[in-house]
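Hi,

Here is the structure I promised to pass on. Have a look at it first, and then read on for what turned up.

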Amino acid sequence: MTLEETASDKGYGLLKSYRPYPGVSDELLDAVGQVRSVWRPFLDHLSALTTEEISDRFARGNQYLNDAGVYFRQYGQDGAHEREWPLSHIPVIISEDDWQVIADGLVQRAELLEHVVADLYGQNHLVSEGYLPASLIARSPEWQRPLVGISPKSGHFLHFLSFEIGRGPDGTWWVLSDRAQAPSGAGFALENRVATGRVFNEFFAKANVHRLAGFFRAFRDHLVDLRDETDSRVSILTPGPLNDTYFEHAYIARYLGFMLLEGEDLTVKNGQLMVRTVSGLQPVSVLWRRLDTAWVDPVELNETSHIGTPGLVQAVRQGSVSMVNALGTGILETRALLAFLPRISERLLGEHLKLPNVATWWCGEDSTRAYVKEHAESMMFSPALSTALPFTSAQTDFIGRDFEKFHKGILETWIDSKSHNLVAQEAVTLSTTPAYDNGLLVPRPMSLRVFLARTSSGWEVMSGGFARIGRTEDASAIAMQAGGSAADVWIVGGKKPKKETLLHQAESPFFKTQSGALPSRAADNLFWLGRYIERAEGAVRLLRAYHARLLETADPDAPFVAQIAEYLEEIGVAPDSPVPESLCMMLQSAVISASKVRDRFSVDGWLALNDLAQTANGARRALRVDADVPRAMGLLLRKITGFSGLVHENMYRFTGWRFLSIGRALERAHRMADLLSVFTAPDAPEGSLELLLEVGDSAMSMSRRYAVSLSQGTVLDLLAMDPKNPRSVMYQLTDMKEHVGILPDADENGYLSDLARSLLQAHTNLAIATPETLTPEALADLRDRISFLSVELTDAYIR
Amino acid sequence: MLYDLNLEITYDYASPANSGRHALRLLPATLPGEQRLVSGNIRLTPGPSERRDRNDFFGNAVTDVVFRKSHSELCFKLKARVDRITTPDEFDISPPLHALPRELANIQALHPDEPVHFLAPSPRLPLAPAFAVYAEEHVDAGMSVVSAVEAIGKALHKDMAFDVDATTVDTPALEAFERRHGVCQDFSHIMIACLRSIGIPAGYVSGFLRTIPPKGQPRLEGADAMHAWVRAWCGIEIGWIEYDPTNALRVGQDHIVVARGRDYGDAAPVKGVLRTAGSQTTDHKVDVIPR
């Protein structure tokens, strides 16, 4: 039976041109070209859909990823870009029985790696007994000497691992690479799952696909159990927003309810790791690091690191913190180790490796080198100490025969010259799996990333994972950086899986997400986010008023118009173009502040803010001077208030929200006091009062409250002193007072903090003022007092 | 030979430092058969908020100090008495250069003194072809390892100019080498890179040097500085020897060892991180007085 017959027999038109490559195994079709039984229900479902239905569904998955803000940072010649997450919508489907073999093999491997790393930082039996060459370990920059001799506080070096595996031509699985430093991808696996589940929603609900949430719950519980005391915290250490997997760090922190920290959030006091929060220093006893060892401590490790925490190694040495994984575990990712692990497994576990790794030869030994030279043509060469994933670098990894093409006759000499720094590996052929291309399924090479977590009942394997799919048939184009894509992995069994979510079931103990104290850096970013947004809103209101008057008079030199322009210039928003660059900068600053607290932000809020910044940039490019600027400003204003509404309606009333609100109130009060001091001056031009009412969005309140005509007194009453007008200085000071009163240490032993005292003073001064005493000078004094509150807030909570 | 040692390092910060953490490697080492620290202490002004002593991987004594109060000046003062015993070996029983790889291949240990730590590029010393080219001009495969070390050390001394203004503590060794200028740290780094590139394990030593006064003149107080030189592994029989390329001589009683490592980064007298916005200036004073 030929492939064509198989496909048409079952009516799988999708498989019309599906032809696996000779000598390569395929996930969908077995050795005789039959669709594997585990794939049939899915294929039946897919075949019943029209091409249009399929593309609608794919679009639904993409929309989800887009809305969830899943992105991927790609590095190109012109810098890094966030690009759309490259989802390959067709999942990789694996039967439960096949999966069990993988899971058993990887659990054994995890045990083995724990033993190896414990020996490398401990007794060094593997080296002294000749199982590992001393010169290989000593050469590796990942064998971190400051960590030698330190036993991990938790009793284990490894808590979270991932393995890159592939299926060889004979159908067996091979380990391609061990990830032990700070494995990434588990969060992306979750997002792939949600997106793919939406694409095939009815089918997924009925298919017996193993769920992922139980894995995360077990690992979260394990980390929570590692804490010393219930009031210390589990935190995730991230290199920050510029890292290519920062999205995942923020996502996992939100998903598991852990605190997301950067190196500068932490400090070490008397050997104890502490987080700087707005309530002072708080102990951190479990740190899940997503930062490579070398960068965590500039005093003892890489001294050029600006993203680390001075003294962190000392905290580890004194046993004050459990690191997940322990510092130094990156040594396990060394490619040359694969050459020695099969023998080490027999020595340490007394067992063969259940799942083999790629056959590997380290060229630092004479006898091995001789063998490698004999078989060099068909071997793959790469740097011995490389910790990169296979198939990620065409510059460093290549097949012997390709080298010969360009450098005839010198391959052997080259191998000798590289010796210690070179490994040779069997050139791996990956299996293929279906990808959807132009209405048809086509075979594409793939490798799987599988995740293991230590739990209270030992190593647990995530029932699923993350498949890397090649762009072409060439296995070396599998890296996402090279245009490859990612797919969900479905483990399918005979029984319906239990429904699981991260929320605890009724029978398990109640677990409250750690709300805890707010890291000072997060407070700072939220405070400034509030200020930038409010500052932008104020600028937009003024610009709208300016342009409206400019349209009326058509004379930029008319005294009143010129005075508004002058004021705008003074506050740094010169109206030299319809959308001044400085306005775009304010919004960009808001985006940057928000990007540093992604874990505290709703996805909707984040999207609204980005949309706002992009709208402003777009308007700046598109608007000509004679355009209807007031209308454009109106649009921006509605987007700003839309964002503010989203944030203030939906943000949980944690301390973080208070800093955001204080930022907004402070900025608004400051701007209004300043405006009043300028536009109520005796020499202020005709029309100033109307301007104040307009910018203060209070024209309606004015006509409702005061039957009398517009006067300086009523304007001051309404915009400075009225406690019920949300645009008045008084209202904002009252708002700030309320927030500050609830902040930590606002009231120490009955004494007010400096901040609370200054705030009370400004508030009282205003409360006892009358429109007559609110001279321009008094208003300027009020403005300066408000401005100083920012300094006091920073001194008290941020520094 | 007994020495009395005084060292004073002062930092002035343009704007006050809010906090700082430093690892100090200042105390002379006790090395069986080579030297003995009779007494020694480090005094700090202002007094630190935390202070703790430990030994690092290479066995160097480290004093970790933490400052949490704002300060605009920082001073480390070392007072020590050291008995220096070592003299260089007279007989060269090191293997020929070509036999060294075989001796190295037999090493199955990662103890701090093992030569395997000192062959690969280290954080401050990436290898570069220029070092290998230079080294190979001055040795041949039949030469003994000790004579190869001395040949390269002498050649560098001849070709390099000692110049305190040419480099800073962070100038890469290759840059100093290309300009053939530098201070003891550069001389040492360059020699280490040359030795490693021809397969001789080599490391960095920081310490003190007694400045021998010219006959009939008084010893120049305060003219001495902290010094650095090179150690090289010359086979299983001899083990490590030390060589001072700045002065072109085998290390003996005039040198006092403080710390050893792969390069300056492992042995730096003061390493640390400050939270300060401004610049800083440093002042060093050293006296090494024979008793």
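Let's start inside chain B, where 23 residues of domain 1 are in contact with 19 residues of domain 2. Domain 1 of chain B is made of two stretches, 2-85 and 269-290, while domain 2 of chain B covers 97-267. Taken over C-alpha atoms, the centres of these two domains of chain B are 24 Å apart. On the domain 1 side of that contact, the elements giving two or more residues are β1 (2-17), β6 (71-84) and β15 (280-290) of chain B. The largest share comes from β15(B), with 6 residues. By class, this side of domain 1 of chain B has 14 nonpolar, 4 polar and 5 charged residues.

Before going further, please keep in mind that this is a predicted model. Its scores are ipTM 0.94 and pTM 0.88. For chain B the average pLDDT is 90, and 94% of the residues score at least 70.

Is Leu5(B) buried or exposed? A residue counts as buried if 20 or more other C-beta atoms lie within 10 Å of its own. Leu5(B) has 23 other C-beta atoms within 10 Å, so it is buried. Setting aside its neighbours within four places in sequence, the residues in contact with Leu5(B) are Pro28(B), Leu78(B), Ala80(B), Val82(B), Phe208(B), Ile256(B) and Val288(B). For a sense of distance, the C-alpha atoms of Leu5(B) and Phe187(B) are separated by 24 Å, and the two residues are 182 apart along the chain.

To find it, go to the loop between β3 (35-45) and β4 (50-55) of chain B, which holds Pro46(B).

Now for where the chains meet. The contact takes 19 residues from chain A and 20 residues from chain B. On the chain B side, β2 (19-24) and β14 (270-275) are the elements that give two or more residues. β14(B) gives the most, with 3 residues. That side of chain B divides into 10 nonpolar, 4 polar and 6 charged residues.

On to chain A. It has 799 residues, and buried ones make up 47% of them. There are 27 helices and 22 strands in chain A, and its C-alpha atoms fill a box of roughly 95 × 65 × 60 Å along the principal axes. Of the contacts in chain A between residues at least 6 apart in sequence, 71% join residues at least 24 apart.

Finally, a few backbone details in chain A:

- A cis peptide bond joins Val324(A) and Asn325(A), with omega about -10 degrees. Asn325(A) is in the loop between β11 (322-324) and α12 (341-349) of chain A.
- Asn270(A) is a residue other than glycine with a positive phi, near 45 degrees. It lies in the loop between β8 (266-269) and β9 (272-277) of chain A. With 13 other C-beta atoms within 10 Å, Asn270(A) is partly exposed.
- Ala554(A), also not a glycine, has a positive phi near 55 degrees. Look for Ala554(A) in the loop between α16 (520-553) and α17 (559-570) of chain A. Ala554(A) counts as exposed, with 8 C-beta neighbours inside 10 Å.

Cheers

Technical notes:
Residues are numbered from 1 along each chain as its sequence is written. Chains are lettered from A and ligands numbered from 1 in the order in which they are written. This is a predicted model: local features need pLDDT of at least 70, side-chain atom pairs count only at pLDDT 80 or more; totals for chains, interfaces and linings use all residues. Two residues are in contact if their C-beta atoms, placed from the backbone, lie within 7 Å. Helices (H or I, at least four residues) and strands (E, at least two) are DSSP runs, numbered from the N terminus. Ala, Val, Leu, Ile, Met, Phe, Trp, Tyr, Cys and Pro count as nonpolar, Asp, Glu, Lys and Arg as charged, and the others, Gly among them, as polar. Domain bounds come from an automatic or database domain assignment. A residue is buried if 20 or more other C-beta atoms lie within 10 Å of its own, exposed if 12 or fewer, and partly exposed in between; C-beta atoms are placed from the backbone. pLDDT is the predictor's confidence in each residue, from 0 to 100.
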